[in-house]
Amino acid sequence: MDTSATKTRVVIVGGGFAGLACARQLAKGDDVQVTLIDRNNYHQFTPLLYQVATAELGSGDVATSLRQSLRAHANVDVKMSEVMVADPGSRTVTTRDGKSYQGDFLVLAAGSQANFFNTQGAEQHSFPLYSLEEAERLRSRVLAVFEDADRDPGLVDKGALNFVVIGGGPTGTELAGALADMINLTLPREYPDLAVKRARVYLVEHGSALLAPFSAEAHDYAARALQRKGVRLLLGQAVTEVATDHVRLSDGSVIPTRAVVWAGGLMAAPLADNSGLPRGRGGRIDVQPDLTVAGFPRVYALGDFANIPGADGHPLPQLASVAQQCGVWTATNILAEIAGKPRTAFHYHDKGIMAMIGRDAAVAEIGKKRHELEGPIAVAAWLGVHALLMSGVRERIEAFVDWAWNYFGRVRPIQVLDRCNENRIDWGEDTERTTTTH
Ligand SMILES: Cc1cc2nc3c(=O)[nH]c(=O)nc-3n(C[C@H](O)[C@H](O)[C@H](O)COP(=O)(O)OP(=O)(O)OC[C@H]3O[C@@H](n4cnc5c(N)ncnc54)[C@H](O)[C@@H]3O)c2cc1C
């Protein structure tokens with residue numbers, strides 16, 4: 001007998017850290033029927049995206065099938081579709097193909113997208129790093145400039161091997177370190193005829209330090225670790241323009257480049273625009289301490305999609321651990337409400353933060369303690385900490401084995417230049433060659 005009609009229906013948008021955790025926890029409720037909608041059929045493990053972008057890991061190491069992750073739960077249905085509109089009043093969402101899904105509860109967990117802060121040309125010409133698709137595009141661009149420069153070494157004078165990373169937060173810092181390692185350790189062997197040592201990684205940060213959420217000592221440690229790898233730090237500088245062949249900085253200088261990575265900020269995914277819900281910083285949905293939206297007691301917003309008040313009144317940071325914990329909390333609140341019990345305010349259990357700076361350095365802050373780690377221990381600690389966030393045991397083991405193999409072998413087996421994702425670079429005439437450069 002089909003009992004789904006009598007069950008409480010919950011519609012979840014987004015199978016990221018928040019949505020997936022929520023679905024798994026809800027699945028434990030006997031009288032609940034969950035529909036999880038994601039525009040992809042996989043969950044992406046974002047902390048490892050920069051390893052995909054620098055050819056250290058393959059896409060399969062960081063993506064898990066949502067259906068496989070949830071197949072043990074008969075009361076969870078997965079739909080691959082992009083939600084275009086959410087109507088909080090009726091708790092209904094409508095997908096790109098015109099289908100509507102209505103729930104007794106609606107959970108919005110659609111994550112983030114890059115925020116270009118209206119920087120001229122940034123959206124058109126830079127490579128953000130928030131999704132697996134974006135990581136694959138960036139990898140193709142990095143490999144494409146090396147292939148082109150290998151065929152025509154004159155392109156190096158046009159800045160072909162200049163890589164500019166915009167934003168010195170954790171994503172930009174980690175990526176700059178990984179790019180430097182790729183250039184220093186792997187590519188000289190792959191391109192013996194090319195002057196790979198002329199490649200440059202620039203990290204541009206408009207603030208005065210890297211890794212803003214960390215302590216001052218960690219800022220210095222990260223800066224020293226990157227400089228040791230040859231990364232040029234441009235602190236206190238903003239990018240004012242990104243073009244096909246250069247970036248311009250706030251001091252008027254120009255860096256010729258064909259590979260600009262945007263790690264300069266995040267805002268809520270586009271669905272927030274079409275939800276009619278109150279939005280605060282970063283366009284994120286403002287939620288109450290119990291994670292519901294004011295005026296809509298059965299509508300929740302979670303993870304990166306929401307401004308979640310922390311214990312000190314400030315919004316919690318955009319972290320996988322925050323997203324995962326609030327996914328579980330939301331499910332618990334929904335199950336409580338179904339059982340006639342009150343909802344409770346979300347409490348985030350902060351286990352600390354960690355950033356990997358290339359393959360041999362990491363900084364971790366747990367409580368008031370700071371740990372600087374070097375070499376294989378740094379890699380193992382980072383993976384150990386993040387393995388807890390990974391959804392599948394298989395992925396944990398495979399990513400660990402692949403990464404360890406590449407670490408000791410200094411190889412990048414995933415050097416796949418995907419032309420579907422990468423338009424050929426138009427090298428044209430470089431208009432900026434006469435301008436001051438770094
Ligand atoms: C490069 C990088 C490295 C990071 N490293 C770390 C780290 O080391 N540690 C850490 O704690 N955090 C890290 N983060 C932050 C962390 O990834 C986020 O905080 C976390 O992913 C937020 O989870 P979420 O579920 O809110 O969103 P996401 O994980 O982004 O999931 C959102 C989901 O919604 C789907 N979606 C979006 N729009 C729609 C739509 N309209 N219709 C259907 N589906 C939709 C997406 O496909 C996606 O699956 C990193 C982020 C990045 C970009």
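The model is predicted, so local features need pLDDT of at least 70 and side-chain atom pairs count only at pLDDT 80 or more, while totals for chains, interfaces and linings use all residues. Residues are numbered from 1 along each chain as its sequence is written, and side-chain values use heavy atoms, with hydrogens and water left out.

Helices (H or I, at least four residues) and strands (E, at least two) are DSSP runs numbered from the N terminus. Two strands pair if DSSP finds at least two bridges between them. An open sheet of six strands has the order 5-2-1-9-22-21, with mixed pairing. Strand 5 (76-80) and strand 21 (292-293) are at the edges with a single partner strand each, so one side of each has no neighbour in the sheet. Strand 21 runs antiparallel to strand 22 (residues 296-301), and two bridges join them. Val293 has Phe296 as its bridge partner in strand 22.

Contact means heavy atoms within 4.5 Å. Axes are lines fitted to C-alpha atoms, for helices over the stretch in contact, and angles run from 0 to 180 degrees between N-to-C directions.

| Helix | Strands | Angle |
|---|---|---|
| Helix 1 (residues 17-26) | strand 1 (8-13), strand 2 (32-38), strand 5, strand 9 (105-108) | about 160° with strand 1 |
| Helix 9 (residues 320-338) | strand 1, strand 2, strand 9, strand 22 | about 160° to strand 22 |

Helix 6 (residues 132-151) packs with helix 7 (residues 170-190) at about 35°, their axes 13 Å apart. In helix 6, Leu138, Val142, Leu143 and Phe146 meet Leu175, Leu179, Met182, Ile183 and Leu187 of helix 7.
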